[in-house]
Amino acid sequence: MPERFTVTTPIYYVNDVPHIGHAYNEVATDVLARWHRMRGDDTWMLTGTDEHGQKIMRTAAANGVSPQEWTDRLVETAWKPQLELLNIQNDDFIRTTSERHKAGVRIFLERLKEAGYIYHGEFEGQYCVGCEEYKTAGDLVPGTGEYEGQLVCAIHSRPIEVVREANYFFKLSEFGDRLLALYDERPDYVQPEHVRNEVRQFVKQGLTDLSISRNTFDWGIKVPWDESHVVYVWFDALLNYITAIGYGVDDEQFERRWPGVHIVGKDIARFHAVIWPAMQMAAGLPISEHVFGHGWLLVGGEKMSKSKATGIEPKQITEVFGVDAFRYYFMSAIAFGADGSFSWEDLDARYHSELANGLGNLASRVIAMVHKYCDGVVPEVAVDAELQTLMADAVGRADSAIDTFAIHDAVDAAMSIVERLNGYITEQAPWVLAKDEAQRLRLHAVLATNVQGIGTAAIMLAPVMPETAQKLWAAVGGEGEVSAQPIREAHQWRGTGRVTTVPPLFPRIEQPAD
Ligand code: MSP
């Protein structure tokens, strides 16, 4: 039986077009999914859009259209095209305005109500529409500029709104002990460690019940037993992970895909590692396998965001450097889990040193030498032992890194082969060996070793740079799709025994955009 790997991105608010912070999230999840597919796991990647709530309702109104028209437009013109642009291989795309999602949410709510976890009560809270979240005093900071003298949301730097309503509540406060036990029993449930500690600390301070409906606006899913209320947008959104895989309607699909792994930004780890598991416990569902909270892309030291006008759109980068370089850069330059500052200079420097000079140059040199010295035929001799060991180690290291979400280490392991091969060529100087008939065997071993190494690196890089990897693979005589190769045996691949040609992979860029 292949292992199950169901992996999700957050579903994105469609109040605006995507920026590279969203793209980062999508690419990382896609790399994990592609890696698991190449392991042979029963893989399922889910992404989608979060379309209800006040934030979107207000944006639509400000643009003079209905929320449904607004979300339809943004999904079709911005969010789905972004997946294509970034070469994301998602298996499904869920919209929270879809009928299948709404039906699943209603089933879930009814079950929770029957189980006694929902009640009706009075409520007053401080709400940030940007976060779509009720804030506690500790979440607020003194405002500056036009908000001087007021308390504002620490993330959006905008004032909160006071909500005073009679709402439906979820008995979140009953789950504190069970959540703490979950974090203790499954230390790898919330990752990385600093996010786990933060979540644990939050729960330890004591949980209050959660307001899960609103009745002062109507852009949302109606509460099944009281249609004057719509479901709180986060309660609705978290359920996408199960409504998309048939919760309540397709048990076979649900059993096959659930539980899954959630890749989220650290700002929303609390929703995923506190509220969401409590909802799962209340409904008697198996708890998600992992919640991984990655860091933020920072611009000028702050979380990049559209609302603060620091947003960079992915195509500003892909138009200059290409999609694969975009994917490579964000996966290799930032330790997954930590924050990372984006800069054009760093991107440009790594593109030229690691991709153009490192990988691209290696491939073109090796292919050219196999043509020149062996008429394009890969010599059938043993690969140098040191390099064979290095390749096997790199494959093992990368594969274990993926299990701990250390995507950057997996990329690093693949690139360690490239780096070593470049050094190896300089040491072995095949162009010198070629001048001496007595060194023929040595020359053959050096070339065979290089070809083997490039093919191995191509397989390992396929989840990160799918198109480049395919070109490298075809160039060294790999057959079929590189993405169909078993990634755990990347160092043992066998090809046709002939190299072909390698197109320019990473053209020099003279004028980086700024
Ligand atoms: N709709 C909610 C998620 C619901 S999931 C059930 C939401 N949407 S969002 O569009 O605001 O954010 C989506 C993801 O993008 C989050 O994981 C968030 O952390 C991530 N990012 C937004 N800006 C980011 C950066 N500057 N850097 C890295 N990730 C960032 O929250």
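Entry: I searched the whole structure, a predicted model, for cavities and found 1 of 30 Å³ or more. I noted that the largest cavity holds about 50 Å³ of space. I then listed the residues that line the largest cavity; among them are Gly-53, Gln-54, Tyr-127, Glu-132 and Arg-214. The list also includes Phe-217, Trp-219 and the run Val-230, Val-231, Tyr-232 and Val-233. Sorted by class, the lining of the largest cavity has 7 nonpolar, 2 polar and 2 charged residues.

Entry: the largest pocket. I recorded a volume of about 1200 Å³ for the largest pocket. Its lining is made of 49 residues, and Tyr-13, Lys-55, Gly-130, His-156 and Lys-303 are the closest to its centre. I looked up which elements give two or more residues to this lining, and they are β1, α1, α2 (54–62), α7, α8, α10 (269–282) and β17 (302–303). By class, I counted 22 nonpolar, 15 polar and 12 charged residues in the lining of the largest pocket.

Entry: the ligand. Where does the ligand sit? I found it in the largest pocket. The ligand has 25 residues around it, and Ile-11, Asp-50, Gly-265, Asp-267 and Leu-297 come nearest. The shell around the ligand divides into 13 nonpolar, 9 polar and 3 charged residues. I noted that β1 (4–13), α1 (20–39), α7 (233–238), α8 (240–243) and β14 (261–265) each supply at least two residues of this shell. The largest share, 4 residues, comes from β1.

Entry: I looked up contacts on both the backbone and the side chains. A backbone N or O atom of Tyr-13 lies 3.2 Å from an oxygen atom of the ligand. For Asn-25, a polar side-chain atom lies 3.0 Å from an oxygen atom of the ligand. At Met-304, a polar backbone atom is 3.0 Å from a nitrogen atom of the ligand. How much of the ligand does the protein bury? Taken alone, the ligand exposes 660 Å², and I found that the protein buries 95% of that.

Entry: the second largest pocket. I recorded about 530 Å³ of space here. The second largest pocket is lined by 23 residues, and Tyr-134, Thr-136, Phe-202, Thr-208 and Leu-210 lie nearest its centre. The elements that give two or more residues to this lining are β4 (118–128), β5 (133–135), β10 (210–211) and α10. Which of the elements gives the most to the lining? I found that α10 does, with 4 residues. The lining of the second largest pocket has 10 nonpolar, 7 polar and 6 charged residues.

Entry: the backbone. I looked up cis peptide bonds and noted one that joins Gln-191 and Pro-192, with omega about -10°. Pro-192 is in the loop between β9 (190–191) and α6 (193–204). I also noted a cis peptide bond that joins Trp-258 and Pro-259, with omega about 5°. Pro-259 is in the loop between α9 (251–257) and β14. Finally, I recorded that Ser-157 has a positive phi of about 55°, although Ser-157 is not a glycine. I placed Ser-157 in the loop between β7 (151–153) and β8 (161–170).

Conventions. Residues numbered from 1 in each chain as written. Predicted model: local features only at pLDDT ≥ 70, side-chain atom pairs only at ≥ 80, totals over all residues. Heavy atoms only, no water. 1 Å grid on protein atoms, 1.4 Å probe; cavity = no way out; pocket = protein on both sides within 12 Å on 5 of 7 lines; lining within 4 Å. Points joined across faces, edges and corners; volume = space filled by probe spheres on them. Nonpolar A, V, L, I, M, F, W, Y, C, P; charged D, E, K, R; others polar. Near = heavy atom within 4 Å. Polar contact = N/O pair within 3.5 Å; in protein donor to acceptor, adjacent residues only side chain to side chain. Areas by Shrake-Rupley, 256 points an atom, 1.4 Å probe, with all protein chains shown as cover. Sits in = over half its atoms within 2 Å of the grid points.
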